[in-house]
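Hi,

Here is the structure I promised to pass on. Have a look at it first, and my notes follow below.

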Amino acid sequence: MLDNAPDTRTAPPAAIEATAWLASFADALEARDIGAVTALFAEDCYWRDLVAFTWNVKTMEGRPAIAAMLAETLDRTAPARFRIARTEAKFGTEYGVWFTFETAVARGEGIARFADGLCRTLLTTMTELKGFEEQRRESRPLGVVHRADPNRETWSERRAREAAALGSETQPYCLIVGGGQGGIMLAARLKQLGVPALIVEKNARPGDSWRNRYRSLVLHDPVWYDHLPYLPFPEHWPVFTPKDQMGDWLEMYVKVMDLPYWGGTECVSAAYDAADEAWTVTLRRDGATVTLKPKQLVLATGAYGPPRMIDLPGADRFAGEILHSSRYSDGRLYAGKKVVVIGAASSGHDVSVDLWEAGADVTMVQRSPTTVVRSETLVEMAFDIYSEAAVERGIGVEEADMIAAATPFALQPEGQKALYDRIRAHDADYYARLEQSGFAIDFGPDETGLMMKAYRTGSGYYVDVGATALILDGSIKVKSGVPIETLTPAGIRFADGTEIEADAIILSTGFQSMHENAAILISREVADKVGPCWGIGSGVRGDPGPWEGEIRNLYKPTAQQGLWFHGGNLALSRFYSKFLALQLKARMEGIATPVYGGPAVSA
């Protein structure tokens, strides 16, 4: 039964139709009539669930998959109290029909989109656990008891006591390894849910993972896309955040959100005790060994794992320096030198620009085509719901995140191809000049552009924030499409017989999967059991199957009990940290969390 409905005398036809569908959907669910539920969906349909029904991040594709999910989950989920929500005109019908609902243990929100009167795509998300809501707004803590007390403990005294006890007298329920943006945002979510968590980070200070990168690094995504939970960037914040400013913001965020954070701490090893259902984690902190016993271990070491090195024949004869871009920090060290950057994606371009600005002679070696898109064009055409115009329409970051999540991964290629068709037409002269320069460009194997490359492989693309102009005028030289034969004492010889002199070689060759960090910290056996992280199983090179329909192994249970992975850019970390935190909170409180679909199995 639908708890509310618009007035049929004044509501637009689309709203009346959507309301009728939602009422039928609610009635069928409450009657446990799975056949009636699936009859409300189109043949080519998708139900994307974020924790609410499945305790997983899972997309069901087609009526049989939806029926199978409901057969296993419907009785225990007990969905009810469906209500139309967010009916303001600012959302219109293009974003679908928004609704709220409840389950036996939680409250949720969803979006339904229709085709010919039937549901084509459905998004359901858990928003809070009943009885374990975040203490904020009207339910925020009082902070002080207004009475005289000779045993008063001030906020700073309590904080100091808790910090001294952490790791010795008290143990964190959740240990987060990695204190970059992902780990910090997850810790903030857990803090608001009352889950004792500790971040450990090898760098000294929060934000150092940004500060320690090359000096010219700036975020490529606009500010409206990059907010952190609870504390959005202020209205004067630049559209594109410089890396040191981002580092300072993260450090401030840790302080304001009062997050337990151990900087200068290396995670040495971790082992899971199945009998005790807890981890034994060995840390090295301030020269001392510390052992922790968390119940849950989250690896939040970025979107990817260790640097990916490549085999360079003759490397032992090369007289210069070879280093991965993850260790590169300042082009001024190479002023006046000849530097070859191997790799033509984001870091390859950014490093090349930084080197050129510092006065180096730079050559970029492009081993495969790159998807390039102008920053201005991307902001104009691809970030419509993450923009100042969207904010003025009432679409803030939380609404935008839900709108974005409502499109299942299986349907994103179609929309992205259409977007990049428009981008290529808009910037046709730009792409013609880039190709004429000898730089190889592509838009993915199915012409779907940057975003699908990001989801599938996390590689092979560049948002142009200045490097292309230097390539076009020859300031950054490009060697494209010719294999490296060998390094020589003085540089690189290519398969076509040409040679490039080099004093240094920077490998902008990307990173391995995050599960390789688990191999280092835990064991090869556990890493192989979990399988690769990232990618969606599209089958394109670098994104092996099987088809997942979701980002592989992130934000959800893995094949190793008590082990989780969290990462990605600021937007992904912001949005999915909520659902990972709810899963961890439920486990801490002893709420049953039967996972539908199970952990991903690697190919």
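Which domains does the domain assignment of the protein give? There is domain 1 (13-129), domain 2 (166-305 + 513-589) and domain 3 (310-511), with bounds taken from an automatic or database domain assignment.

Some housekeeping: this is a predicted model, where local features need pLDDT of at least 70 and side-chain atom pairs count only at pLDDT 80 or more, while totals for chains, interfaces and linings use all residues. Residues are numbered from 1 along each chain as its sequence is written, and side-chain values use heavy atoms, with hydrogens and water left out.

About 2800 Å² is buried between the two, 65% of it from carbon and sulfur atoms; that is accessible area (1.4 Å probe) lost on putting the two parts together, summed over both. Tyr214, His220 and Trp224 supply 26% of what domain 2 buries against domain 3, more than any other three residues.

The rule finds 1 salt bridge across this interface (a side-chain nitrogen of Lys or Arg within 4 Å of a carboxyl oxygen of Asp or Glu). Separately, Arg574 forms a salt bridge with Asp401, with the closest N and O atoms 2.8 Å apart.

Cheers
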